[in-house]
Structures are given as structure tokens and as C-alpha cells.
Amino acid sequence: MLHLKLDARANVTIEVDFLGQGAWEKYETIVAVGTGHYRYHVFPTGFSAHWVRLVTDADCTVTAEFMYT
């Protein structure tokens, strides 16, 4: 699960590198997270990637927390 909070309105794109070799792929875009608003995303069962990064379409500070179970 991914928890997000932003200090400005922005779309957040989740990108993944499944093999850890720098081959980034768009996974999903979380649309219009507003100032001070909270959003979450639940990854499907069995989802696995070596690296995950978040890209925004506006300047902002993002607080992100990944929870693994």
C-alpha cells in the first residue's frame, strides 16, 4: 500500500523498474491530489518491483509511505 500527502495540488505518477536496471515504466497516475489531502493506493496481490519512484506534474513536497505486509 502507498500513502500520499502533498503540500500543493498535483497528479502523482507511480513508475516502477521491475528488474532494477533503469527501465522505468508508468504504473499508474493518482489524479489531482490537493493541498493537504491524503490519498492511498493498494497494489495488487503479488505485485513486485525492485524500484518504485513518484513523479509529479507540479512543484510540490510529497510525503509518501509504503507499507508492506
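Reader: Which residues form a nonpolar patch on the surface?

Author: This is a predicted model: local features need pLDDT of at least 70, side-chain atom pairs count only at pLDDT 80 or more, and totals for chains, interfaces and linings use all residues. Numbering starts from 1 along each chain as its sequence is written, and side-chain values use heavy atoms, with hydrogens and water left out. The patch has about 510 Å² of accessible area together (Shrake-Rupley, 1.4 Å probe, only the protein chains shown as cover). Its members are Met1, Tyr38, Tyr40, Val42 and Met67.

Reader: Where is Met67 found?

Author: Met67 belongs to the nonpolar surface patch. Strands here are DSSP runs (E, at least two residues), numbered from the N terminus. Met67 lies in the segment after β6 (62–66).

Reader: How is Met67 classed: buried, partly exposed or exposed?

Author: Buried means under 20% relative accessible area and exposed over 50%. Met67 has 42%, so this residue is partly exposed.

Reader: How many helices and strands does the chain have?

Author: From the N terminus on, the elements run β-β-β-β-β-β. That gives 0 helices and 6 strands.

Reader: What is the radius of gyration of the chain?

Author: The C-alpha trace spans about 35 × 25 × 15 Å along its principal axes. For 69 residues the globule rule gives 11 Å. The chain comes close to that, so it is as compact as a globular protein of that length, with a radius of gyration of 12 Å.

Reader: What share of the residues is buried?

Author: The chain exposes about 4,800 Å², and carbon and sulfur atoms supply 52% of it. Of the 69 residues, the buried share is 25%.

Note on methods. Patches are made of residues with over 30% relative accessible area and no salt bridge: like charges are joined within 9 Å, nonpolar side chains (Val, Leu, Ile, Met, Phe, Trp, Tyr) within 5 Å. A salt bridge is a side-chain nitrogen of Lys or Arg within 4 Å of a carboxyl oxygen of Asp or Glu. Helices (H or I, at least four residues) and strands (E, at least two) are DSSP runs, numbered from the N terminus. Buried means under 20% relative accessible area, exposed over 50%, partly exposed in between (1.4 Å probe, protein chains only). The radius of gyration is taken over C-alpha atoms; the globule rule is 2.2 Å times the number of residues to the power 0.38.
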